[in-house]
Amino acid sequence: MSERDEERLATGAVARLRARGYQVGCDGDFDTDDRPSIYPTLGSAIGNLTDRINDATTTAEVAEALTGLTATHDGILAIVADILTATADFHDGLDEPGDPHIARRLRYLADEHLRTIRIDLADTRNALADRHAQHPGRSTCSQEVPATERERSAVCACPPPPRALPAPPPPVAAGLRR
């Protein structure tokens with residue numbers, strides 16, 4: 001690789017890391033203000049389901065979010081099962097002694113464990129969809145305070161923020177034993 005190509009790759013790496021929010025220290029030759037477009041990772045795209053469930057105030061909202069996870073043909077879990085099966089098929093074509101075992105294990109995970117998870121979640125989704133209820137501990141907050149109130153906390157219908165976990169106890173100093 002030429003020196004110019006190495007510099008271009010290094011500068012591009014710095015730009016991509018900074019675009020993701022990392023603080024990057026580098027030589028002046030690689031420093032850049034460029035920020036390439038960031039495409040969401042597959043995990044972050046799926047992670048929006050978590051946000052939707054965390055923000056949900058009704059059973060219908062959670063059921064709708066779970067639909068994308070549990071759909072039989074194009075749901076996330078069905079696609080994960082397809083990935084496991086494709087990886088098993090790949091291992092069937094390899095020639096190491098352990099490859100058939102890995103292929104069987106991957107198929108078992110797809111056929112048994114993942115299927116059980118999908119069925120249980122689909123049942124949960126269906127039960128929530130049939131329920132048509134508000135969550136008693138959650139409500140939509142308008143973030144507006146009536147003119148007669150001095151503080152939002154006095155009238156806000158939002159659920160209280162989650163409690164912070166207590167700090168772990170300090171480590172015990174270990175001394176030499178006699």
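**Close-up views of helix packing in a predicted model**

**View 1. Surroundings of Leu-114.** In this predicted model, Leu-114 is in contact with Leu-77, Val-80, Ala-81, Leu-84 and Leu-109, neighbours within four places in sequence being left aside.

**View 2. The largest nonpolar core.** This core comprises 17 residues, and those with the most contacts inside it are Val-62, Leu-66, Leu-69, Leu-84, Leu-114 and Leu-128. At least two core residues are supplied by each of helix H3 (59-70), helix H4 (76-92) and helix H5 (99-131). H5 provides the largest share, 6 residues.

**View 3. Packing of helix H2 against H3.** The axes of H2 (residues 42-55) and H3 come within 8 Å and cross at roughly 165°. Angles over 145 degrees count as roughly antiparallel, and H2 and H3 are therefore roughly antiparallel to each other. The crossing of H2 past H3 is left-handed. H2 contributes Leu-49, Arg-52, Ile-53 and Asp-55 to the contact, while H3 contributes Glu-61, Val-62, Glu-64, Ala-65, Leu-66 and Leu-69. By class, the residues of this contact are 6 nonpolar, no polar and 4 charged.

**View 4. Packing of helix H3 against H5.** The axes of H3 and H5 come within 8 Å, with a crossing angle of roughly 150°; the two helices are therefore roughly antiparallel to each other. Their crossing is left-handed. On the H3 side, Thr-59, Ala-60, Val-62, Ala-63, Leu-66, Thr-67, Leu-69 and Thr-70 meet Arg-118, Leu-121, Ala-122, Thr-124, Arg-125, Leu-128, Ala-129 and Arg-131 of H5. The residues of this contact divide into 9 nonpolar, 4 polar and 3 charged.

How values were computed: Residues are numbered from 1 along each chain as its sequence is written. This is a predicted model: local features need pLDDT of at least 70, side-chain atom pairs count only at pLDDT 80 or more; totals for chains, interfaces and linings use all residues. Side-chain values use heavy atoms; hydrogens and water are left out. A nonpolar core is a set of buried Ala, Val, Leu, Ile, Met, Phe, Trp, Tyr and Cys residues joined through side-chain atoms within 4.5 Å. Buried means under 20% relative accessible area, exposed over 50%, partly exposed in between (1.4 Å probe, protein chains only). Helices (H or I, at least four residues) and strands (E, at least two) are DSSP runs, numbered from the N terminus. Contact means heavy atoms within 4.5 Å. Axes are lines fitted to C-alpha atoms, for helices over the stretch in contact, and angles run from 0 to 180 degrees between N-to-C directions. Angles under 35 degrees count as roughly parallel, over 145 as roughly antiparallel, 65 to 115 as roughly perpendicular and the rest as oblique. A crossing is left-handed if the near helix is turned anticlockwise from the far one by less than a right angle, and right-handed if clockwise. Ala, Val, Leu, Ile, Met, Phe, Trp, Tyr, Cys and Pro count as nonpolar, Asp, Glu, Lys and Arg as charged, and the others, Gly among them, as polar.
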